[in-house]
Amino acid sequence: MTSMAPAAAVSDVAPTGKLRAAINFGNPVLAGRDATGEPCGISVDLARELARRLGVAIEFVPYDAAGKVVEGLKSQAWDVCFLAIDPLRAADISFTAPYAVIEGVYLVAEASPIRSNAEVDRPGVRVGVIVGSAYDLFLSRELKQATIVRAASSDAVMDLWVAGKLDSVAGVKPQLEADARRTPGLRMLRGRFMAINQAMGTPRGREAGAKYLHEFMEEMKASGFIAQAFARNRITGASMAP
């Protein structure tokens with residue numbers, strides 16, 4: 001597969017003649033910007049390698065939240081994305097196998113009586129999430145008694161916390177660890193409430209492209225590319241998918 005991709009796959013994955021890769025800068029585990037402002041991170045590395053194999057130029061389409069990446073489907077703004085696998089998203093996106101697993105965790109106040117993940121789902125408990133995130137979709141299905149409070153970004157969720165409008169914050173572990181360092185009086189509940197499986201995806205209906213992406217991801221894992229990207233980008237708070 002180090003040879004050039006089949007023509008059918010190229011026209012499916014890069015129909016405009018370039019690879020338009022949606023990058024979610026709202027997930028610091030997967031993407032960020034270097035000192036020069038250039039995109040970096042494991043999803044960026046994978047997109048560049050895919051473009052190289054397709055023999056096309058890369059164009060990064062930036063987003064600040066996963067929900068906005070999904071919204072971008074409507075305007076056909078991108079060809080590949082890097083998102084957590086979710087049944088709702090899978091109706092419109094063909095996903096590869098996961099390449100990284102991130103823990104979904106809760107923050108609560110130091111003085112909160114909540115001691116475990118199970119205790120979050122109680123009447124009157126307000127849980128802050130980023131709208132359209134993998135954990136928003138998951139908790140919308142799983143929580144039966146708690147109330148989900150949605151905001152546009154991590155900063156907006158923390159603003160709600162500071163304003164006293166939340167009893168718990170849900171999110172990806174590395175982001176919440178950073179939030180807890182910045183905002184005093186928070187503690188993380190032990191264990192995860194979900195495993196967030198990060199994968200590559202392409203809009204449904206691109207069958208040759210989806211097949212090629214699946215094979216590409218398997219080779220990226222088997223060849224050690226993913227392991228090297230984890231090390232190079234100093235990724236913490238996530239593990240390589242098996």
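The largest nonpolar core of this predicted model has 69 residues, and Leu46, Leu50 and Val127 have the most contacts inside it. A nonpolar core here is a set of buried Ala, Val, Leu, Ile, Met, Phe, Trp, Tyr and Cys residues joined through side-chain atoms within 4.5 Å; buried means under 20% relative accessible area with a 1.4 Å probe, protein chains only. Helix α2, residues 42-54, gives this core its largest share, 7 residues. Let us stop at Leu46: setting aside neighbours within four places in sequence, Leu46 is in contact (heavy atoms within 4.5 Å) with residues including Phe82, Tyr99, Met200 and Phe216. A second, separate core of 12 residues includes Leu83, Ile93, Phe95 and Ala199.

Now step back to the whole protein. Its secondary structure comes to 9 helices and 13 strands, taken as DSSP runs numbered from the N terminus (helices H or I, at least four residues; strands E, at least two). Buried residues make up 53% of the 242 residues. Of the contacts between residues at least 6 apart in sequence, 71% join residues at least 24 apart.

What about overall size? The C-alpha trace spans about 60 × 35 × 30 Å along its principal axes.

Some reading notes: residues are numbered from 1 along each chain as its sequence is written, and side-chain values use heavy atoms, with hydrogens and water left out. Local features need pLDDT of at least 70 and side-chain atom pairs count only at pLDDT 80 or more, while totals for chains, interfaces and linings use all residues.

Note on methods: Buried means under 20% relative accessible area, exposed over 50%, partly exposed in between (1.4 Å probe, protein chains only).
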